[in-house]
Amino acid sequence: MTDVGLLQAGALVRDTARNRVGEFMGKAGPYAMLRPLGGGREWEVSPDYVEPLSPEEVLSEKVKRANAQSTGAVL
């Protein structure tokens, strides 16, 4: 379990319950609020399922997004 109180808004994290990467937006009651990279509808997840990405994973996600944008692909 990650102490979401220590995460900064904008940190990239993994929702291990859904195996999705998102941007940490903050807390809403007992839940962490995550937003898809590149925008979209936020979703809530229990802090038990929030895992910060390693620096290598952050770089990998950013490269993946940049490559997708350059080809017009939608992620």
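Which residue forms a salt bridge with Glu57, and how far apart are the closest N and O atoms? In this predicted model, local features need pLDDT of at least 70 and side-chain atom pairs count only at pLDDT 80 or more, while totals for chains, interfaces and linings use all residues. Residues are numbered from 1 along each chain as its sequence is written, and side-chain values use heavy atoms, with hydrogens and water left out.

The partner of Glu57 is Arg14, with the closest N and O atoms 3.2 Å apart; a salt bridge is taken here as a side-chain nitrogen of Lys or Arg within 4 Å of a carboxyl oxygen of Asp or Glu. Because Glu57 belongs to helix 1 (residues 55-71) and Arg14 to strand 1 (residues 12-15), the pair ties together parts that are 43 residues apart in sequence, helices (H or I, at least four residues) and strands (E, at least two) being DSSP runs numbered from the N terminus. Arg14 is buried at a relative accessible area of 18%, whereas Glu57 is partly exposed at 29% (buried means under 20% relative accessible area, exposed over 50%, and partly exposed in between, with a 1.4 Å probe and protein chains only).

The structure holds 4 salt bridges, among them one between Arg35 and Glu23, with an N to O distance of 2.4 Å. Arg35 lies in strand 3 (residues 31-36) and Glu23 in strand 2 (residues 20-28), so this pair ties together parts 12 residues apart in sequence. Within helix 1, Glu61 and Lys64 are 3 residues apart, a separation of about one helical turn, and their salt bridge has its closest N and O atoms 3.3 Å apart.
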